[in-house]
Amino acid sequence: LVQIDRSRTTMKMTITTKTLLSVCASILLAKCKASTFVSVLDFGGKNIRATGSSGNPKTNVDGVASFWGALYHQRLQEPDMTVVPDMFGSPDSSLVIGLMGDGVDLDNMPTVHSLMTSSGDETSHPSKGYMVVDGQEGKKLLNKIGPVSSLNHPSQILQFSKQHLQNQKISALSLDVNSENVSEVDTQIANLIVALKSQNVLVHILVQEQEGAARRRLSRRRLEQAAAQEEADNAVEDKEDANDDKTASNKKGFYGYGYYNTHGEWVTPYKSMFEIHFYNLVLWTSVGLFVITFFTIYLMATMPLEADTLLFGESGKANPAGSD
């Protein structure tokens, strides 16, 4: 009965967990909106610091603009942001690359996606952090920089980036991303990261994600979480089945009360038939050996010593009677 109740409880908890995940995911999908990501790539390595005070990358257009202005000490940056300019470092130049259009989908842009999800290191990418602005605010953010140069093809990213970084302190480029060039855009961004490794510059990758792409990405994440939760539930069930099998094995051959202690060991006040046999075998063997040993010592201690024993006879032969 205890095992049945435990199984029912586990099933109820599993169903409840899956139901909660489904409800939460449905709410998130309903409220899912487009977002604008800004990743900060510090190729010099000494111009940007990631703050540990705020783990939330959410900000607004004015917050991102204040960060860009603080790079060259033109204005104060808004508080509680994930990245801040270094007080003792200053980049030679900065460039904002805006990627906007119907084809923007982070799932199809692995290099760009990695810049928007985590901070890199020397071996992966120079991203110091990223910021997230709700809504499609790419154009508003680029207008905070000034004149924006529009690119016609992804192959122009590397060339125009080098030109702007050499001639201006801070400038902006924009490229329309569609389903045909999205892969090439991601490749060109990867080439740009490799080409600028030895320069003391900042590159801000601005990605304006479409609402449909955000919903698909969240839906895919929901499926992955559901699969992971199902694997975890299956692992728990397998462990419980193994414990039930172990309990049945421990109880095999006798009936009685038992329980598992804190170390996972089965404890019961009753003895199995094997334990009873083993106990009696050891007990009566010990008693028999003790009796035999005690009786032998007793016979040796009470052994009679007479004159006509073998020992006395041998000693008589060594010293015959009447010899001097």
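Does Tyr279 count as buried or exposed, and what is its relative accessibility?

Modeller: The model is predicted, and every value below is computed from it. Tyr279 counts as exposed because its relative accessibility is 55%, and the cut-off for exposed is over 50%. Its place is in helix 8, which covers residues 273-301. Tyr279 also belongs to a nonpolar surface patch of about 1,100 Å².

A pair of aromatic rings is described by the distance of the centres and the angle of the planes. The structure holds 2 aromatic pairs. One is Phe274 with Phe278, with 6.2 Å from centre to centre and 20° between the planes, and this pair is stacked. Both residues lie in helix 8, 4 residues apart, or about one turn of the helix. Phe274 counts as exposed because its relative accessibility is 63%. Phe290 has a relative accessible area of 59%, so it is exposed. Phe294 is exposed as well, because its relative accessible area is 56%.

The buried nonpolar residues are the next topic. In soluble globular proteins, nonpolar side chains tend to be buried together. Here the largest nonpolar core has 29 residues, and those with the most contacts inside it are Ile97, Leu99, Val112, Ile189, Val203, Ile205 and Val207. At least two residues of this core come from each of strand 1 (35-42), strand 5 (93-100), helix 3 (110-115), helix 5 (156-167), strand 8 (170-176), helix 6 (182-195) and strand 9 (201-208). Helix 6 supplies the largest share, 5 residues. A second, separate core has 21 residues, among them Trp68, Ala172, Leu202 and Leu206.

Val207 can be taken as one example from the largest core. Leaving aside neighbours within four places in sequence, Val207 is in contact with Ser35, Thr36, Phe37, Leu99, Val104, Leu106, Val112 and Met116.

Leu99 and Val104 are also touched by Met109, along with Val182, Val185 and Asp186, again not counting residues up to four places away in sequence. Met109 is found in the loop between strand 5 and helix 3. Met109 is buried because its relative accessible area is 0%.

Side chains of opposite charge can pair when their charged atoms come close. A search of the whole structure finds 3 salt bridges. In one of them, Lys58 pairs with Asp134, and the closest N and O atoms are 3.4 Å apart. This pair links distant parts of the chain, since Lys58 is in strand 3 (residues 58-59) and Asp134 in strand 6 (residues 127-134), 76 residues apart. Lys58 counts as partly exposed because its relative accessibility is 43%, and Asp134 is partly exposed because its value is 47%.

Another salt bridge joins the side chains of Asp62 and Lys144, at 3.8 Å from N to O. Here too the pair links distant parts of the chain: Asp62 is in helix 2 (residues 61-71), Lys144 is in the loop between helix 4 (138-143) and strand 7 (148-151), and they are 82 residues apart. Asp62 has a relative accessible area of 40%, so it is partly exposed. Lys144 is partly exposed at 45% relative accessibility. Glu137 and Lys140 also meet in a salt bridge, at 3.6 Å from N to O. Glu137 is buried because its relative accessible area is 17%, where the cut-off for buried is under 20%.

For the chain as a whole, the secondary structure comes to 9 helices and 11 strands. Of the 324 residues, 34% are buried. Among contacts with a separation of 6 or more, 76% are between residues 24 or more positions apart. The accessible surface comes to about 20,600 Å², and 57% of it belongs to carbon and sulfur atoms.

How values were computed
Residues are numbered from 1 along each chain as its sequence is written. This is a predicted model: local features need pLDDT of at least 70, side-chain atom pairs count only at pLDDT 80 or more; totals for chains, interfaces and linings use all residues. Side-chain values use heavy atoms; hydrogens and water are left out. Patches are made of residues with over 30% relative accessible area and no salt bridge: like charges are joined within 9 Å, nonpolar side chains (Val, Leu, Ile, Met, Phe, Trp, Tyr) within 5 Å. Accessible areas come from the Shrake-Rupley method with a 1.4 Å probe; for residues, only the protein chains shown count as cover. A salt bridge is a side-chain nitrogen of Lys or Arg within 4 Å of a carboxyl oxygen of Asp or Glu. Buried means under 20% relative accessible area, exposed over 50%, partly exposed in between (1.4 Å probe, protein chains only). Rings of Phe, Tyr and Trp (its six-membered ring) pair if their centres lie within 6.5 Å; planes under 30 degrees apart count as stacked, over 60 as edge-to-face and the rest as tilted. A nonpolar core is a set of buried Ala, Val, Leu, Ile, Met, Phe, Trp, Tyr and Cys residues joined through side-chain atoms within 4.5 Å. Contact means heavy atoms within 4.5 Å.
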